[in-house]
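Please examine the structure shown here before reading the briefing that accompanies it.

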Amino acid sequence: MSARQIFTRPARLAAIVPYLWMLAFFLVPFSLIAKISLSQTAIAQPPYLPVFVLGQGFATLERAFAALSLDNFRLLVSDHLYMLSYLRSLVVAAVSTSILLLIGYPIAYGMARLPKQWQASAMMLVIVPFWTSFLIRIYAWINILQHDGLLNKILLALHLVSAPVVWLSTDSAMYLGIVYSYLPFMILPLYATLAKMEPALLEAASDLGASPRETFWLVTFPLSLPGVAAGALLCFIPIVGEFVIPDLLAGSGSLMIGQTLWLEFFTNKDWPVASAAAVVLLLLLVVPLILYDRLQRRQLERGR
């Protein structure tokens with residue numbers, strides 16, 4: 001056996017592992033959800049029909065496939081509750097991602113411009129919140145924002161308000177919790193991109209007469225677009241399906257799709273409708289992934 005064959009075989013096996021992971025933990029569960037989304041609600045265990053029984057032969061499977069329908073997807077389109085949930089989720093995710101970018105970009109830019117010996121410390125300060133449980137951090141914000149919480153006490157002590165302000169159970173509290181929780185996901189890819197930028201490019205732009213502002217918008221920002229896109233995706237996609245933060249910090253006036261899925265699965269026990277909503281949500285989130293892939297290809301073509 002040649003040396004090339006010895007080193008090629010482990011490489012091929014290593015390349016297969018991600019595909020096996022995707023098959024076991026994404027494609028198989030998604031296939032089950034897709035099948036349930038085409039079923040009908042039933043008072044049974046499990047709460048949907050038809051149920052595939054492999055031991056009863058091919059004829060049973062054929063009848064089960066014939067009983068599948070698109071009624072649940074038609075319900076999603078015709079019922080305003082689901083459409084408003086999708087729309088609110090997309091709006092909240094877009095607004096939150098924009099705020100995260102406005103806050104995260106200056107932080108990442110400052111981190112990248114720090115001396116090398118300080119950059120690791122700055123990175124640690126960004127990562128430290130991950131060491132605490134996500135739920136504990138959200139419940140901490142509940143204590144801060146409640147009627148007699150820390151924020152109102154500080155505002156009253158400074159005589160900035162005459163009465164406690166209602167912060168909790170508002171959209172403002174929800175956006176605050178989302179931005180706080182997802183800020184590291186925006187900072188880290190931006191920092192990784194900005195830290196790799198060659199200082200010689202900025203020096204060349206300055207030598208050619210560009211002002212610091214022009215250097216930033218003509219050199220720094222265009223070169224950091226891959227980091228911007230990666231950070232936006234890392235934040236936008238999970239925020240769309242966010243359940244915990246809206247449920248604990250936001251009001252109950254309108255629901256995001258994550259809350260709607262929870263209600264359908266665990267309160268209404270309507271697994272087929274909930275599965276259909278989950279399938280549509282996944283298809284919606286494929287769109288930004290496709291856009292990101294096209295952006296990456298354009299960057300590679302320009303690099304060539």
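Predicted model: local features only at pLDDT ≥ 70, side-chain atom pairs only at ≥ 80, totals over all residues.

Residues are numbered from 1 along each chain as its sequence is written, and side-chain values use heavy atoms, with hydrogens and water left out. Helices (DSSP runs of H or I, at least four residues) and strands (runs of E, at least two) are numbered from the N terminus.

**The nonpolar core**

- A nonpolar core is a set of buried Ala, Val, Leu, Ile, Met, Phe, Trp, Tyr and Cys residues joined through side-chain atoms within 4.5 Å; buried means under 20% relative accessible area, exposed over 50%, and partly exposed in between, with a 1.4 Å probe and protein chains only.
- The largest such core has 47 residues, and L100, M174 and I239 have the most contacts inside it.
- Two or more residues of this core come from each of α4 (80-113), α5 (116-127), α6 (134-145), α8 (171-195), α11 (225-240), α12 (244-249), α13 (257-267) and α14 (271-303).
- Helix α8 gives the most to this core, with 12 residues.
- Apart from residues up to four places away in sequence, L100 touches Y105, V179, Y182, L183, M186, C235 and I239, where contact means heavy atoms within 4.5 Å.
- In soluble globular proteins, nonpolar side chains tend to be buried together.

**Helix α10**

- Helix α10 (residues 212-223) has 12 residues and should span 16 Å at 1.5 Å a residue; its end C-alpha atoms are 15 Å apart, which agrees. The expected span is 1.5 Å times one less than the number of residues.
- Within α10, the residues T215, F216, V219 and T220 are buried.
- Seen down the axis of α10, the buried residues fall within an arc of 125 degrees, so they line one face of the helix; the arc is that of the directions from the helix axis to the C-beta atoms.
- R213, W217 and L218 are exposed on the other side of α10.
- The cover over the buried residues of α10 includes α4, α8 and α9 (199-207).

**The largest pocket**

- A pocket is an open set of points on a 1 Å grid over the protein atoms alone, where a 1.4 Å probe fits, with protein on both sides within 12 Å along at least five of seven lines; lining residues have an atom within 4 Å of a point.
- The largest pocket has a volume of about 240 Å³, the volume being the space filled by probe spheres set on the points, which are joined across faces, edges and corners.
- Its lining residues include Y109, R113, K116, L194, P199 and T220.
- Helices α4, α5, α8 and α9 each give two or more residues to this lining, and the largest share, 3 residues, comes from α4.

**Individual residues**

- Most residues other than glycine have a negative phi, and most peptide bonds are trans.
- The peptide bond from L49 to P50 is cis, with omega near 0 degrees, and P50 is in the loop between β2 (48-49) and α2 (58-66).
- S169, in the loop between α7 (150-157) and α8, has a positive phi near 60 degrees and is partly exposed at 46% relative accessibility.
- K269, in the loop between α13 and α14, has a positive phi of about 55 degrees and is partly exposed, with a relative accessible area of 45%.
- S275 lies in helix α14 and is buried, with a relative accessible area of 0%.
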